[in-house]
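Open the model in a viewer and keep the selection panel at hand.

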Amino acid sequence: MERRNHSSLAEFVFLGFPKVGHVRGWLFALLLLAYLFTFCGNLLTFLAIRLNAALHTPMYHFVSILSLLELWYTATTIPNMLANLLREKKTISFAGCLLQTYFFHSLGASECYLLTAMAYDRYLAICRPLHYPAVMTPTLCGKLAAGCWTCGFLCPISEVILVSQLPFCGYNEIQHIFCDFPPLLSLACKDTSTNVLVDFAINAVIILITFLFIMVSYGRIISAVLKIKTAEGRKKAFSTCASHLTVVLVFFGSIIFMYVRLKKSYSLTLDRTLAVVYSVLTPLVNPIIYSLRNKELIKAIKRTICQKSGRAHH
């Protein structure tokens, strides 16, 4: 590793996926396929819901916003990871690294809030069905979505400002697959305990409180579903929540282990594995989870594809 003598660094070097060697091409192809599937799946889901009036309901409104969010979320990291697999020198500027970190965390925080809003929507639909149409109006849906994006983009500002003021005079090699707070803090040549504490506090508030709210909502949903007398009725009621709950468990399960901790890092291998889960796999499986369990959405996606192909022929 090259030692720097100056007080700041103009750029960082990614270690990325070390020791991939001869499987680099296969890893690139696999990641590219995953990204293309994620992009096409989420884009089709978004367009299918927006273009079909029958799906203009609160539940599908939130699903379409989630798909749009996933498009931006994956665009902040995966294209750069693909480029780094092809380049010998995997560099990123200091400003570029901070921007990638900011957008990655702001979009991740927005997803936490959005999944919470979706849990609230399902709670109202199942536990308060008579009040649901009057409460969950299009106006409230719009306000909730706007609030999720706004709060998400405000959350990481203080963390980014604190990191930008740190001196980076040591090694410039980021031992991760993209820019993030833990690997950046490990490179600073100054005590970063304040940064670690601030990161922990903000992440704990965002992740744990939203996850707790979702779990409480589902506790009440399950209680209400179990009171339904017929098995068919219980199955139908819970089927509307199963997709959302699956996405919640996959997404929150990985980010809780990664960000709600007072250490800079546990294991580089563990950090990289968790990063792949919440930055690549979760956005990849979201359209699969929602479409495979939803016949209406599958029909809407098929109609959208047919309409697009029909216009292309004309």
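Predicted model: local features only at pLDDT ≥ 70, side-chain atom pairs only at ≥ 80, totals over all residues.

To display the pair, select residues 94–127 for H4 and residues 193–226 for H9. The two axes lie 9 Å apart, and the packing angle is about 20°. Angles under 35 degrees count as roughly parallel, and H4 and H9 are therefore roughly parallel to each other.

Next, show side chains at the contact between the two helices. On H4, select Ala109, Cys112, Tyr113, Leu115, Thr116, Ala119, Tyr120, Arg122, Tyr123, Ile126 and Cys127. Their partners on H9 are Ile206, Ile207, Thr210, Phe213, Ile214, Ser217, Tyr218, Arg220, Ile221, Ala224 and Val225. Coloured by class, the residues of this contact between H4 and H9 divide into 17 nonpolar, 3 polar and 2 charged.

Arg122 is among the lining residues closest to the pocket centre, along with Met59, Lys236, Ser239 and Thr240. The lining of the largest pocket has 19 residues in total.

Which helices each supply at least two residues of this lining? Select H2 (58–75), H4 and H10 (231–259) to see them. H10 gives the largest share of the lining, 6 residues.

Finish by colouring the lining of the largest pocket by class: 10 residues are nonpolar, 5 polar and 4 charged. Arg122 links the two stops, as a residue of H4 that meets H9 and as one of those closest to the centre of the largest pocket.

Notes. Residues numbered from 1 in each chain as written. Heavy atoms only, no water. Axes fitted to C-alpha atoms, helices over the stretch in contact; angles between N-to-C directions. Helix = DSSP H or I, 4+ residues; strand = E, 2+ residues; numbered from the N terminus. Parallel < 35°, antiparallel > 145°, perpendicular 65-115°, else oblique. Contact = heavy atoms within 4.5 Å. Nonpolar A, V, L, I, M, F, W, Y, C, P; charged D, E, K, R; others polar. 1 Å grid on protein atoms, 1.4 Å probe; cavity = no way out; pocket = protein on both sides within 12 Å on 5 of 7 lines; lining within 4 Å.
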